[in-house]
Amino acid sequence: MHPQNRFWKMLSQVLGEPIPQDIPGRRELCISHGIALWDVLAECSIDGASDSSIKNAVPNHLEVIFNAADIRAVFTTGKKAQALYEKFFPELMTAVCLPSTSPANRTISEAEMLEKYRQIIKFL
């Protein structure tokens, strides 16, 4: 993950928690709030972090998770993730597209982004 990606900052602010500084802290933050994170893709070819360069996309088996867990909502982070989710999993729950937290996404202010991410709270 790019060091300037704002995902953990947004999620932490929504949850009213400090920003976790490492993988165990991130894992604990999610577990303690009943949040599961999973990539739409299991693998792909990509140039750097450019979503537009994604090729040879292989989806994860999200249906296995849906069959085993009490999923209340699905959120994607960015338009590309949303498009891939809709392409590979049209039969699963409709996903809410949240703004990309990539540092390349400067089309939305952090305040506006945070407001959109606050939608998560009603499903916890």
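The structure is a predicted model.

**Cysteines**

- A disulfide is a covalent bond between the sulfur atoms of two cysteines.
- The sulfur atoms of such a pair must be within 2.5 Å, and by this rule the model has zero disulfides.
- Seen from Cys 44, the closest cysteine sulfur is that of Cys 97, and the 17 Å between them is too far for a bond.
- Cys 44 is partly exposed, its relative accessible area being 31%.
- Cys 97 is likewise partly exposed, with a relative accessible area of 35%.

**Helix 2**

- Helix 2 comprises residues 23-32.
- At the start of this helix, the backbone nitrogen of Gly 25 has a side-chain oxygen of Asp 22 within 2.8 Å.
- After helix 2 comes Gly 34, which has a positive phi, near 70 degrees.

**Asn 56**

- Strand 2, formed by residues 55-59, contains Asn 56.
- The phi of Asn 56 is positive, at about 55 degrees, although this residue is not a glycine.
- Asn 56 is exposed, and its relative accessible area is 59%.

Note on methods. Residues are numbered from 1 along each chain as its sequence is written. This is a predicted model: local features need pLDDT of at least 70, side-chain atom pairs count only at pLDDT 80 or more; totals for chains, interfaces and linings use all residues. Side-chain values use heavy atoms; hydrogens and water are left out. Helices (H or I, at least four residues) and strands (E, at least two) are DSSP runs, numbered from the N terminus. Buried means under 20% relative accessible area, exposed over 50%, partly exposed in between (1.4 Å probe, protein chains only). A polar contact is a pair of N or O atoms within 3.5 Å; within protein, one must be able to donate a hydrogen and the other to accept it, and residues adjacent in sequence count only if both atoms are side-chain atoms.
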